[in-house]
Amino acid sequence: MSFNGSAGGHLCSVYFAPRGRDRIYQLGMQIAQQHLSPADRIIGVIGEAGSGKSMIIKGMFPGLELTNDDEGVNVRPLPLLCQDDENRFYSPHTYHMDARFELGFTQLHVLVDAIREAVARGKRVIIEHFDLVYEALGFNADLIVGIGEEVIVTRPNIFGPLPEDVAKVVHKSVHTRLMAHTAEDLCEFHMPEKEVVRCLHADIKSGFLMAFHDSPPEVDLEELEKAVLADIAADLPVEYVDDRTIRIGDAYQPCTGPRTHVSSTGKIVGFHLLKEIIYDHRNQRWLLVGRVGNVNVDEARHHFNDLGLV
């Protein structure tokens with residue numbers, strides 16, 4: 001979904017925020033192709049921990065060395081703060097900085113001066129948690145990417161949007177995405193293995209889709225919902241294990257977005273399954289639909305009717 005501002009410029013595009021790593025990489029590539037300009041100097045990225053900021057940056061800028069990678073190894077000293085030590089001929093074109101992390105070690109005015117210096121030298125700076133430095137910096141980013149339940153891509157003009165406006169939206173909505181992803185993994189945990197291995201994943205607002213080609217999944221939706229609700233009632237801890245695995249209680253579960261979860265199953269609110277498998281005529285696949293939060297099942301069914309999926 002896109003909105004055009006006056007003077008023919010791009011103002012805002014909104015995408016579903018994927019939960020798997022590879023899908024986030026693909027979205028990052030798409031955003032770079034459609035929205036990134038060679039003239040952009042400041043790229044602001046806004047979102048809470050676990051929302052997928054680092055993955056979407058890696059998709060937008062393949063090969064870029066992030067200073068706060070997912071394994072917790074932080075590049076020191078911060079390259080942005082050492083611009084004078086670099087050979088100007090071979091100096092990087094693009095710098096990365098996690099403002100929230102760096103503010104624990106470096107004063108705000110020092111970071112801001114380094115950003116301004118890089119921009120003056122014609123460099124590009126990608127700033128995670130850009131909303132934390134915007135006011136002191138004194139000017140907006142050329143492009144802002146906000147990640148919550150949805151990914152908001154905006155090219156601000158003199159009237160905004162401001163980073164704090166984007167932050168309010170994505171910080172509020174990200175919990176719904178975390179709930180949906182954890183509920184999705186709980187469903188997989190209780191499904192027959194033969195269905196899990198052929199399942200593809202897609203996104204809807206306040207929920208998830210599990211897609212199956214060739215034939216509908218052999219699963220009892222009532223029993224599946226009861227099993228997931230029992231796990232939610234047990235309030236099992238959900239923990240990151242590695243980049244392809246999480247632990248739910250004492251059980252290990254494969255997952256390609258292991259950081260994008262609530263911390264325990266009890267934090268999932270309003271989980272339910274649509275009690276029928278939807279056939280998507282357009283894409284010739286069967287859909288298992290799960291919802292979280294304060295959404296109405298009948299409204300969900302009407303939504304698919306309106307889209308022409310059934």
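Biologist: In this predicted model, does Glu-218 count as buried or exposed?
Modeller: The model is predicted, so local features require pLDDT of at least 70 and side-chain atom pairs pLDDT 80 or more, whereas totals for chains, interfaces and linings use all residues. Residues are numbered from 1 along each chain as its sequence is written, and side-chain values use heavy atoms, without hydrogens or water. Buried means under 20% relative accessible area, exposed over 50%, and partly exposed in between (1.4 Å probe, protein chains only). At a relative accessibility of 55%, Glu-218 is therefore classed as exposed.

Biologist: How many residues apart in sequence are the parts that Glu-218 and Lys-194 tie together?
Modeller: The two side chains form a salt bridge, N to O 2.9 Å (a side-chain nitrogen of Lys or Arg within 4 Å of a carboxyl oxygen of Asp or Glu). Glu-218 lies in the loop between strand E9 (207-212) and helix H8 (221-234), and Lys-194 in helix H7 (residues 193-196), so the sequence separation of the joined parts is 24 residues. Helices (H or I, at least four residues) and strands (E, at least two) are DSSP runs numbered from the N terminus; the value asked for is 24 residues.

Biologist: Which residue forms a salt bridge with Glu-48?
Modeller: Glu-48 is partly exposed, at 26% relative accessible area. The closest N and O atoms are 3.5 Å apart, and the partner is Arg-100.

Biologist: How many salt bridges does a search of the whole structure find?
Modeller: One of the pairs joins Glu-239 and Arg-247 at 2.6 Å, N to O. Searching the whole structure gives a total of 16.
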